[in-house]
Amino acid sequence: MTMTAKEIRESFKEFFRSKDHLIVPSAPMVIKDDPTLMFTNAGMNQFKDIILGNAAPKSRRVADSQKCLRASGKHNDSEEVGHDTYHHTMFEMLGNWSFGDYFKKEAIDWAWEYLVDVLKLDPKDLYATVFEGSPEEGIERDNEAASYWEKHLPKDHIINGNKHDNFWQMGDTGPCGPCSEIHIDSRTDEEKAAVPGAQMVNKDNPQVIEIWNIVFMQYDRKADGTLEPLPAKVIDTGMGFERLVRTLQGKTSNYDTDVFQPIIQVIAAMSGKQYGQSEKDDVAMRVVADHIRTIAFSITDGQLPSNAKAGYVIRRILRRAVRYGYTFLGQQQAFMYRLIPVLIESMGDAYPELKAQQTLIEKVIKEEEEAFLRTLDTGIKLLDKIMSDTRVAGKKEISGVEAFTLYDTYGFPLDLTELILRENGMTANIDEFNREMQKQKDRARNAAHSDLGDWQVITEGETKFVGYDTTEHDCHILRYRQVTQKNRSFWQIVLDTTPFYAESGGQVGDTGVLVTEGGTINISDTKKENGLAVHITSDDLTQLDSTLLEADWMACVDTEKRAATAANHSCTHLLDEALRTVLGTHVEQKGSLVTPESLRFDFSHFQKVTSEEIRQVEHLVNAKIRANVPLTEYRDLPIEKARELGAIALFGEKYGDKVRVVQFGNSIEFCGGTHVSATGKIGMVKILSESSIAAGVRRIEAVTGARVEEMLDHLQDEIISLQNLFVGSHDLRNSISKLIDEHSTLKKQVEEIQREKAASLADKLGENAEVIQGVHVAKARLPFSPDMIKDIVFRLRGKYAENMLIIIGSVFDGKPMLTVSASEDLTKRGIHAGQLVREAAKLIQGGGGGQPHYATAGGKNPDGLPAAIDKVLELADL
């Protein structure tokens with residue numbers, strides 16, 4: 001009987017549980033505390049701190065099923081998705097790890113046992129690759145791995161692989177080593193007889209694919225490129241879940257399995273099409289089916305679509321799916337949000353966070369879809385204009401720069417641009433487009449590039465954080481290194497003991513100093529990298545006496561900033577509780593930013609928070625501040641006990657077996673940040689703003705303590721200043737209201753005078769119009785506003801319906817403007833006001849355009865207006 005996807009996932013976990021592996025949950029797909037990654041793109045990401053030696057493993061043997069995303073950077077599969085049968089943006093990676101325990105023999109033997117003995121794959125269809133070696137680096141062929149494979153496979157099924165395919169490394173520096181890939185040949189017997197599978201491995205044949213990669217981390221690559229043996233060798237394996245399911249279910253495409261088919265069938269029903277009938281339609285359905293998983297999981301992990309970093313990646317993925325639905329599946333309205341129920345039915349058991357956040361996921365996706373459909377409409381109108389201008393210029397090819405602007409600024413994809421152009425007998429300059437795309441990639445690469453020096457180790461050891469109890473502590477420097485980023489150099493320092501809080505959980509890192517006799521190091525920030533607290537300084541450590549680096553130091557946190565940050569962080573907890581009280585228990589934190597100056601709190605709620613509700617929230621929080629509720633803190637609390645307390649956890653956060661819980665009365669939350677000892681130390685809170693940041697997600701910005709006092713001082717000063725403007729008035733509000741009424745009355749009187757003046761000027765311009773080649777030309781230079789000029793022009797058009805060309809140069813607030821209008825009969829004879837203005841505006845250092853009968857252009861050079869007016873006449877052949 002064919003195994004289902006759910007059964008296959010569980011069988012993998014059960015197999016490695018039987019081999020004494022600890023089965024751990026998937027880490028969030030969105031990464032928050034690693035500056036080198038936006039998304040989990042491999043199963044090993046959550047273990048980086050262990051692999052790098054920054055943390056001790058809970059178990060030396062671990063296995064899991066990890067949700068991953070590859071849609072940006074080096075590991076980018078997004079453009080292949082939908083067009084082939086085995087690439088995905090979001091996928092599951094089945095993996096097992098050994099941290100200094102077993103190595104090559106066991107990893108290879110167990111992989112074989114699981115695939116052949118448990119899953120019953122045919123050994124004749126399996127191939128293994130081993131690293132062929134690298135003479136220039138002094139690395140021989142991985143004969144050890146090959147010898148273990150020879151116990152299971154004939155030698156012609158063991159293939160040498162090059163450095164690209166069979167040598168894995170985490171980055172330019174750090175842990176690395178050879179790897180061994182397992183490939184399966186799923187071709188027909190006739191195809192296998194014609195060409196042996198060994199010749200098809202790593203040749204991009206969709207039926208001869210890699211299903212499992214076993215990495216043997218045994219080296220540490222230094223900044224100069226040299227390799228040193230890794231003290232504790234690591235096994236890191238990754239098996240593509242979707243590819244494995246396809247193999248076991250006897251399919252030739254991942255999309256034909258029960259992982260994707262339920263979603264695809266709903267898409268087919270929505271579009272009135274049948275999967276398997278049209279390749280273009282099938283590609284579109286595969287794109288949508290893949291992308292809806294990526295988008296939904298990203299939202300559950302706390303990453304909403306946006307215009308920055310990880311949010312931008314998710315927005316581009318969503319828009320790619322919408323565009324395929326729009327172009328090939330006839331989906332002119334939002335439709336992807338309606339796929340969430342079938343996704344939950346398929347994956348909700350393995351990932352219950354999907355069901356828990358279903359409403360939010362659907363609302364966010366629906367709003368994003370609707371926004372992009374409006375963008376598509378705008379893009380089509382812009383492309384229509386570009387095509388029209390190109391035809392007028394006598395060309396059939398639009399520039400690649402214009403195509404790239406549509407793509408980059410308006411999110412309008414190139415292939416849709418090409419499709420519309422083909423329908424209109426036109427093309428785009430693709431080479432030019434590609435050059436613009438490459439420029440953008442180069443800019444992004446240069447902006448993100450960092451040169452990391454090797455760690456200079458003074459003494460071995462691990463960092464102990466003591467910042468919950470003290471802001472000063474003696475310490476020693478364990479290691480340091482220089483980092484160069486965006487032409488700026490700074491240093492990273494790791495201490496054995498530190499009171500400095502490293503940025504995480506929305507709270508910024510501490511600042512302060514390291515002090516010793518004869519030296520001071522200024523710490524400008526503290527960040528967490530791969531679980532390691534890194535202290536950042538711009539001070540050049542090479543200028544310090546080398547003996548000082550080994551000295552006893554005192555780490556001193558800036559206590560004023562720490563206290564302000566702690567007050568703001570504690571206030572976010574009180575805000576969370578108050579919002580749930582006022583708005584309902586559906587409120588969930590979706591993000592926060594806590595600095596010494598202010599706080600920002602994002603939460604789920606599906607409508608604007610009213611002024612009355614904001615005031616209720618403020619009053620509840622301030623009442624709790626005045627009550628001076630003491631902090632109750634639980635450290636290293638078993639996570640089950642924390643849940644029994646009713647502690648609120650955040651979706652998308654990775655928690656260990658033991659957690660820290662922060663409690664202020666009824667406010668109980670999982671939290672690793674710094675807090676006040678009692679709520680009275682917050683002082684007071686004042687909410688500055690409430691706004692929407694995405695569908696179903698609101699944002700509150702607020703200040704506390706001294707910042708509230710500063711704000712109240714400023715408000716009081718403003719009121720006094722206003723009162724001084726109304727000397728003798730005892731009712732400021734009534735005085736301002738009276739002034740507004742008087743202003744409105746005067747404004748209406750001025751507008752009436754302007755209308756009379758415009759009518760008079762229009763009459764004079766019409767009477768004084770010069771007749772040139774039978775055309776009445778009314779031209780003038782006037783010092784009036786654009787609105788008044790428009791009024792004059794349309795009065796003239798109303799009075800002179802034929803043979804009238806109006807050219808007015810005006811200057812208002814120092815800015816020149818050129819206005820041209822042609823009567824309908826002149827436009828039929830070929831006079832186009834928009835084209836005349838666009839060319840003549842160059843003489844006032846500006847640009848513009850418009851319709852055939854009316855157009856305007858602004859500029860920078862008022863002195864060029866006379867020449868611009870003459871240029872219009874010249875272009876009109878008058």
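The model is predicted. The chain holds 26 helices and 36 strands, and its C-alpha trace spans about 105 × 80 × 55 Å along the principal axes. Of the 878 residues in the chain, 50% are buried. Among contacts with a separation of 6 or more, 68% are between residues 24 or more positions apart.

**Nonpolar cores**

- The largest nonpolar core contains 116 residues, and Tyr-114, Leu-115, Trp-149 and Trp-212 have the most contacts inside it.
- Helix 9 (residues 279–300) supplies the largest share of this core, with 11 residues.
- Another core, of 27 residues, lies apart from the largest one; among its members are Leu-579, Ile-625, Ile-700 and Ala-702.
- Leaving aside residues up to four places away in sequence, Leu-115 touches Lys-120, Leu-121, Ile-182, Ile-211, Trp-212, Met-239 and Leu-244.

**Packing of helix 1 on helix 3**

- Two packed helices are described by the angle between their axes and the distance between the axes.
- Helix 1 (residues 5–17) and helix 3 (residues 104–118) have axes that come within 11 Å and cross at roughly 135°.
- Helix 1 is therefore oblique to helix 3.
- The crossing of helix 1 past helix 3 is right-handed.
- On the helix 1 side the contact involves Ile-8, Ser-11, Phe-12, Phe-15 and Phe-16, which meet Trp-110, Glu-113, Tyr-114 and Val-118 of helix 3.

**Strand 9 and its partners**

- Strands of a sheet pair through backbone hydrogen bonds, either parallel or antiparallel.
- Strand 9 (residues 227–240) runs antiparallel to strand 3 (residues 90–99), and 5 bridges join them.
- In this pairing Trp-97 stands opposite Asp-236 of strand 9.
- Strand 9 also runs antiparallel to strand 8 (residues 208–221), to which 9 bridges join it.
- Here Asp-220 stands opposite Glu-228 of strand 9.
- The hairpin of strand 8 and strand 9 has 5 residues between the strands, and Gly-225 in this hairpin takes a positive phi near 95°.

- Four strands form an open sheet in the order 24-25-30-29, with antiparallel pairing.
- Strand 24 (589–594) and strand 29 (685–694) are at the edges; each has a single partner strand, so one side of each is left without a neighbour in the sheet.
- From one strand to the next the twist averages 15°.
- Strand 24 pairs with strand 25 (residues 599–604) over 5 bridges in the antiparallel sense, and Ser-592 stands opposite Phe-601 in strand 25.
- Helix 18 (residues 559–583) packs on the sheet and touches strand 24, strand 25, strand 29 and strand 30 (697–704).
- The direction of helix 18 makes about 30° with that of strand 25.
- Helix 19 (residues 611–626) also packs on the sheet, where it touches strand 29 and strand 30.
- The direction of helix 19 makes about 135° with that of strand 29.

- Strand 31 (residues 770–772) and strand 32 (residues 775–782) run antiparallel and are joined by 3 bridges.
- Ile-772 has Val-775 of strand 32 as its bridge partner.
- In the hairpin of strand 31 and strand 32, with 2 residues between the strands, Gln-773 takes a positive phi near 50°.
- Strand 32 pairs with strand 33 (residues 804–812) in the parallel sense, over 7 bridges.
- Within that pairing Arg-781 stands opposite Gly-809 in strand 33.

**Loop residues with positive phi**

- Most residues other than glycine have a negative phi, and most peptide bonds are trans.
- Asp-20, in the loop between helix 1 and strand 1 (22–23), has a positive phi near 65°.
- The relative accessible area of Asp-20 is 60%, so Asp-20 is exposed.
- Asp-813, in the loop between strand 33 and strand 34 (815–822), has a positive phi of about 55° although it is not a glycine.
- With a relative accessible area of 68%, Asp-813 is exposed.

Note on methods:
Residues are numbered from 1 along each chain as its sequence is written. This is a predicted model: local features need pLDDT of at least 70, side-chain atom pairs count only at pLDDT 80 or more; totals for chains, interfaces and linings use all residues. Side-chain values use heavy atoms; hydrogens and water are left out. Two strands pair if DSSP finds at least two bridges between them. A nonpolar core is a set of buried Ala, Val, Leu, Ile, Met, Phe, Trp, Tyr and Cys residues joined through side-chain atoms within 4.5 Å. Buried means under 20% relative accessible area, exposed over 50%, partly exposed in between (1.4 Å probe, protein chains only). Contact means heavy atoms within 4.5 Å. Axes are lines fitted to C-alpha atoms, for helices over the stretch in contact, and angles run from 0 to 180 degrees between N-to-C directions. Angles under 35 degrees count as roughly parallel, over 145 as roughly antiparallel, 65 to 115 as roughly perpendicular and the rest as oblique. A crossing is left-handed if the near helix is turned anticlockwise from the far one by less than a right angle, and right-handed if clockwise.
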